[in-house]
Amino acid sequence: MEIRGPLELPARREDIELRTADDLTLVGELSLPETAEPIATLVTLHPLPTAGGFMDSHILRKAAARLPALADLAVLRFNTRGTSSPRGTSEGAFDGGASERFDVAAAMDFARERALPRPWLLGWSFGTELALKYGREHDVQGVILLSPPLHRATDDEVAAWAGDGRKVVVLVPELDDYLRPEEARKRFSSIPHAELIAVEGGKHLWVGESQTRRVLTEIVAAVNPSALPLPTEWPLA
């Protein structure tokens with residue numbers, strides 16, 4: 001069976017709730033390998049909720065659907081404050097990336113309480129802003145940034161990662177709507193160790209199976225490279 005589209009591979013999946021320091025309940029899901037212990041953890045931060053982003057935005061949903069089985073990763077997804085999905089609606093209201101600092105902290109608290117190993121922040125679009133602004137506050141292995149627009153993260157907040165030895169992996173689509181590779185190289189030049197990957201033909205929303213596979217491959221290359229190459233077929237039961 002070809003692995004593509006919405007196919008969901010076997011995993012242990014659990015509906016979860018996160019509690020923020022300002023007393024909100026956020027809804028989410030934790031996906032774990034079906035039988036093995038996870039090698040590492042992806043704490044995902046979704047695109048802009050006022051533009052339709054949520055925990056089920058397709059790259060994050062496919063990461064949770066595939067990577068526990070294909071790469072022994074734990075995947076934590078959740079709706080930031082005021083965001084709705086089929087899982088439910090998180091309490092509170094969108095705050096433009098300010099109070100969302102508490103949402104990131106609540107997710108990291110959950111990962112620590114559950115002893116989830118080697119957490120990484122995986123942000124997409126708006127989620128990259130949260131990762132850049134607040135990721136340094138937490139015990140993460142690094143950050144993976146998909147389609148960073150750099151609208152909210154300031155130059156100083158980006159440059160602060162220069163003095164931090166943790167990995168910064170940046171996937172920039174060639175045809176992005178907001179930040180394309182040439183400009184991204186300038187904006188991220190303040191982080192000498194940042195790995196900037198320009199994706200030929202890529203677009204901000206990473207639509208299509210070829211772009212999905214490329215993104216998931218780059219995520220696994222950073223987090224658990226021994227799992228590469230990712231299979232494209234799954235045996236039928």
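Two strands are taken to pair if DSSP finds at least two bridges between them. Helices (H or I, at least four residues) and strands (E, at least two) are DSSP runs, numbered from the N terminus. The model is predicted, and local features need pLDDT of at least 70, side-chain atom pairs count only at pLDDT 80 or more, and totals for chains, interfaces and linings use all residues. Residues are numbered from 1 along each chain as its sequence is written, and side-chain values use heavy atoms, with hydrogens and water left out.

Strand 2 (residues 25–32) and strand 4 (residues 73–78) run antiparallel and are joined by four bridges. S31 has V75 of strand 4 as its bridge partner. An open sheet of mixed pairing is formed by eight strands in the order 1-2-4-3-7-8-9-10. Strand 1 (12–19) and strand 10 (195–199) are at the edges with a single partner strand each, so one side of each has no neighbour in the sheet. From one strand to the next, the twist averages 20 degrees.

Helix 3 (residues 126–134) lies across strand 3 (40–45), strand 7 (119–124) and strand 8 (142–146), at about 140 degrees to strand 7. Axes are lines fitted to C-alpha atoms, for helices over the stretch in contact (heavy atoms within 4.5 Å), and angles run from 0 to 180 degrees between N-to-C directions.

The axes of helix 1 (residues 58–71) and helix 6 (residues 209–223) come within 11 Å and cross at roughly 55 degrees. Helix 1 is therefore oblique to helix 6 (under 35 degrees is roughly parallel, over 145 roughly antiparallel, 65 to 115 roughly perpendicular, and the rest oblique).
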